[in-house]
Amino acid sequence: MRPLCAEERHILSLVADDAAALHVAPPHVRFVATSAGACYEALFNRIEIDRATLALPEPLLCIVVAHEVGHATQRRTMLIDFAWTSLCVAMLFAIPCVFFASSFDEDLWRVSAPGLGFVLAYLACWKIWRAHGASRSAALELDADAKAASICGAASALAALEAMATRGHIDTARIEAMRALSYR
Ligand SMILES: [Zn+2]
């Protein structure tokens, strides 16, 4: 393994400090060569820091790291969500499999009508699940922002979000929520 550079060591110490402040075990950190933005992976309890994040000015960097460590405090929730999703998908596939295996000798129409029913049920489940997932992850983002604000202060977190909104994609809902926090 190559030795860490000064910026990378600085990130590790930020992660350790934020984790201590949020009373959570420090997540692992992986430095990646992409520029897709920082992210947290609940499965591996790992924060990925890309080159673009590494090059951020100090105040922004602090907020981004605190936000990602904020996600680490949600790990249990994220993993339970993941387990439920996997279980539901497995059930959705298992039920038709059992049904079709047991009605193998039936007439075609007796199988195709329920088959169509399964397809419609899939589409409905997928739509509901997608909407549920979107509102769920939006709530997790707001929670991670609030935790970042509790470490770095709401005013500087708001300034950071506004600065990042001009660079890339930050939800207006996140900025509004942070504004509300900083006026409190
Ligand atoms: Zn996030």
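This is a predicted model: local features need pLDDT of at least 70, side-chain atom pairs count only at pLDDT 80 or more; totals for chains, interfaces and linings use all residues.
**Helix pairs**

Two packed helices are described by the angle between their axes and the distance between the axes.

| Helix pair | Axes come within | Crossing angle |
|---|---|---|
| H1 (residues 6–21) and H3 (residues 58–72) | 9 Å | roughly 50 degrees |
| H6 (residues 154–167) and H7 (residues 172–182) | 9 Å | roughly 160 degrees |

Let's take H1 and H3 to begin with. Their axes cross at roughly 50 degrees, so the two helices count as oblique to each other. As for handedness, H1 goes past H3 in a right-handed crossing. On the H1 side, the contact is built from Ile11, Leu14, Val15, Asp18 and Ala19, while H3 brings in Cys62, Val65, Ala66, Val69 and Ala72. Sort those residues by class and you get nine nonpolar, no polar and one charged.

Now for H6 and H7. With axes crossing at roughly 160 degrees, and angles over 145 counting as roughly antiparallel, these two helices are therefore roughly antiparallel to each other. Their crossing is left-handed. H6 puts Ala154, Ala155, Ala157, Leu158, Leu161, Glu162 and Ala165 into the contact, and H7 answers with Arg174, Ile175, Met178, Arg179, Leu181 and Ser182. By class, the contact of H6 with H7 comes out at nine nonpolar, one polar and three charged residues.

**The sheet**

On to the strands. Three of them form an open sheet in the order S1-S3-S2, and the pairing is mixed. Which strands stand at the edges? Those are S1 (28–31) and S2 (39–41), each of which has a single partner strand, so one side of each has no neighbour in the sheet. Ignoring direction, neighbouring strands here are turned by 25 degrees against each other on average.

Zooming in on one pairing, S2 and S3 (residues 46–49) run in the antiparallel sense and are joined over three bridges. Within this part of the sheet, Tyr40 sits opposite Ile47 in S3.

Methods
Residues are numbered from 1 along each chain as its sequence is written. Axes are lines fitted to C-alpha atoms, for helices over the stretch in contact, and angles run from 0 to 180 degrees between N-to-C directions. Helices (H or I, at least four residues) and strands (E, at least two) are DSSP runs, numbered from the N terminus. Angles under 35 degrees count as roughly parallel, over 145 as roughly antiparallel, 65 to 115 as roughly perpendicular and the rest as oblique. A crossing is left-handed if the near helix is turned anticlockwise from the far one by less than a right angle, and right-handed if clockwise. Two residues are in contact if their C-beta atoms, placed from the backbone, lie within 7 Å. Ala, Val, Leu, Ile, Met, Phe, Trp, Tyr, Cys and Pro count as nonpolar, Asp, Glu, Lys and Arg as charged, and the others, Gly among them, as polar. Two strands pair if DSSP finds at least two bridges between them.
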